[in-house]
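I opened the notebook with the model on screen.

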Amino acid sequence: MTPEGLLPELAVIRKDFPILERTLAGGMPLVYLDSANTSQKPQVVIDTMVDHLERHNANIARAMHQLGAESTEAFEAARDKVAAFLGAPERDEVIFTKNASEALNLVANTLAWAGEHQVKAGDEVVITELEHHSNIVPWQLLTERTGASLRWFGLTEDGRLDLSNIDELINERTKVVSLAWVSNMLGTVNPIGEIARRAHAVGAIVVVDAAQAAPQLPIDLAAMAPEERPDLLAFTGHKVVGPTGIGVLWGSRRVLEALPPFLGGGEMIETVRMDRSTYAGIPHKFEAGTPPIVEAVGLGAAVEYLGHIGLDAIHAHEKAITGYALEGLQSVPGLTVLGPLDAAARGGAISFELEGVHPHDIAQVLDSRGVAVRAGHHCAKPAHARFGVQSSTRMSSYLYTEPREIDALVEALEYTRSYFKLG
């Protein structure tokens with residue numbers, strides 16, 4: 001039975017992604033279920049980047065010729081598109097980085113150096129047990145370097161945050177709370193607003209890793225209640241049908257202006273003398289050197305493409321496909337899903353175990369059937385340890401995923417069971 005909530009123009013959307021028509025070795029059609037790792041790219045993003053390189057390629061904000069003006073205009077137009085995509089209160093609050101990891105490291109490093117939000121000995125930083133390593137390691141480094149303490153929310157048996165001790169965990173010593181909006185391993189959608197309210201009540205700043213949220217959840221920062229709005233938010237381009245090599249840090253003007261520069265170099269300065277320098281305002285203070293220009297242009301095209309389809313419609317599609325996938329996966333004997341089993345409470349990444357078969361073997365057999373999934377710890381080793389496993393297999397859908405691809409996954413898993421003679 002076809003699930004309700006699918007994008008009505010799904011067949012048309014799939015034609016926008018040329019790679020989905022590929023046939024793999026052995027004549028198997030590609031079934032791409034690894035979008036939480038990286039999304040596929042529509043033709044409009046590919047064409048936009050090629051056009052920029054062919055017709056408008058020049059450095060930005062430096063060259064005083066026509067190509068330079070065109071390149072600068074395209075780069076700054078991409079900032080406008082990303083600001084609209086996030087519902088950012090101001091377009092200058094959008095900082096381009098090379099990925100979400102760099103954005104999170106920018107925040108963790110600058111918080112160690114100076115400013116009213118500087119983290120010092122005796123302060124506490126709070127994260128969660130389900131974080132991607134990109135939202136664990138920078139905070140470990142920060143607390144090691146400053147003498148602050150690192151604390152974290154644990155997980156319930158069904159893969160949700162354990163908020164039972166929130167008032168003790170977030171206290172007057174808490175300086176930063178940083179967490180994922182959506183888990184890349186468990187799929188859990190975290191209650192960002194509730195946690196932000198508590199953090200702001202004690203004067204802490206809130207950092208949100210939106211790498212998995214931005215592709216599938218409607219985000220409107222300006223419409224959020226101030227006490228529930230994060231102070232800083234990061235996401236990456238390649239998971240929102242954009243290119244690799246480009247990420248975004250959004251931050252409130254108040255917080256960004258209080259942070260010191262991250263990297264020194266060209267364009268981030270106001271003036272330079274041999275004895276000292278002064279710095280440009282945001283966003284340029286955090287964009288030293290030649291930025292990823294064509295990647296930013298591609299990201300602008302990507303978020304504009306998603307906007308045309310509508311994030312509400314994409315979210316509904318993801319819930320429908322995720323529900324269909326959960327039902328199909330649970331029909332496979334010996335298979336255990338990690339994380340919430342309610343499609344309404346999770347994103348499109350579903351990690352699972354198949355009793356008696358190593359995740360790498362599962363992925364290899366599925367690949368022989370044309371089904372692309374991810375196997376390993378998914379850069380979330382603490383979350384795996386919480387459930388007593390070293391690794392898992394993960395399928396992840398997106399706006400171009402259709403039910404027949406989930407059927408192909410379930411069929412390939414049944415084949416895997418027979419291949420390993422599991423009954």
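This is a predicted model: local features need pLDDT of at least 70, side-chain atom pairs count only at pLDDT 80 or more; totals for chains, interfaces and linings use all residues.

**Entry 1**

I checked the pairing next. Strand 12 covers residues 349-354 and strand 15 covers residues 392-396. Four bridges join these two strands, and they run antiparallel. I then traced the whole sheet. It is open and has four strands, in the order 11-12-15-14, with antiparallel pairing. At the edges I found strand 11 (335-338) and strand 14 (374-376), each pairing on one side only. On average, neighbouring strands here are turned by 30 degrees against each other, direction ignored. A reminder to myself: strands of a sheet pair through backbone hydrogen bonds.

**Entry 1: helices on the sheet**

Which strands does helix 10 lie across? I noted strand 11, strand 12 and strand 15. Helix 10 spans residues 311-329 and runs at about 5 degrees to strand 12. Helix 13 (residues 403-419) also packs on the sheet, and I listed its contacts as strand 11, strand 12 and strand 15. The direction of helix 13 makes about 15 degrees with that of strand 12.

**Entry 2: helix 11 against helix 13**

I followed helix 13 to its contact with helix 11 (residues 359-368). The two axes come within 9 Å and cross at roughly 120 degrees. The crossing is right-handed. From helix 11, I recorded Ile362, Val365 and Leu366 in the contact. Helix 13 brings Leu409, Ala412, Leu413, Tyr415, Thr416 and Tyr419. By class, I have eight nonpolar residues, one polar and no charged ones.

**Entry 3: the buried side of helix 5**

I moved to helix 5, residues 137-146. Which of its residues are buried? My list reads Pro138, Trp139, Leu142, Thr143 and Thr146. They sit on the same side of helix 5 because they cover an arc of only 130 degrees around the axis. The general rule I wrote beside this: an α-helix has 3.6 residues a turn, so residues three or four places apart point the same way.

What do these buried residues pack against? I found helix 4 (100-113), strand 3 (124-128), strand 4 (149-153), strand 5 (174-180) and strand 6 (205-209). On the face turned away from the buried side, I noted Glu144 and Arg145 as exposed. Last, I checked what follows helix 5. It is Gly147, with a positive phi near 85 degrees.

Definitions and conventions:
Residues are numbered from 1 along each chain as its sequence is written. Side-chain values use heavy atoms; hydrogens and water are left out. Two strands pair if DSSP finds at least two bridges between them. Axes are lines fitted to C-alpha atoms, for helices over the stretch in contact, and angles run from 0 to 180 degrees between N-to-C directions. Contact means heavy atoms within 4.5 Å. A crossing is left-handed if the near helix is turned anticlockwise from the far one by less than a right angle, and right-handed if clockwise. Ala, Val, Leu, Ile, Met, Phe, Trp, Tyr, Cys and Pro count as nonpolar, Asp, Glu, Lys and Arg as charged, and the others, Gly among them, as polar. Buried means under 20% relative accessible area, exposed over 50%, partly exposed in between (1.4 Å probe, protein chains only). The arc is that of the directions from the helix axis to the C-beta atoms.
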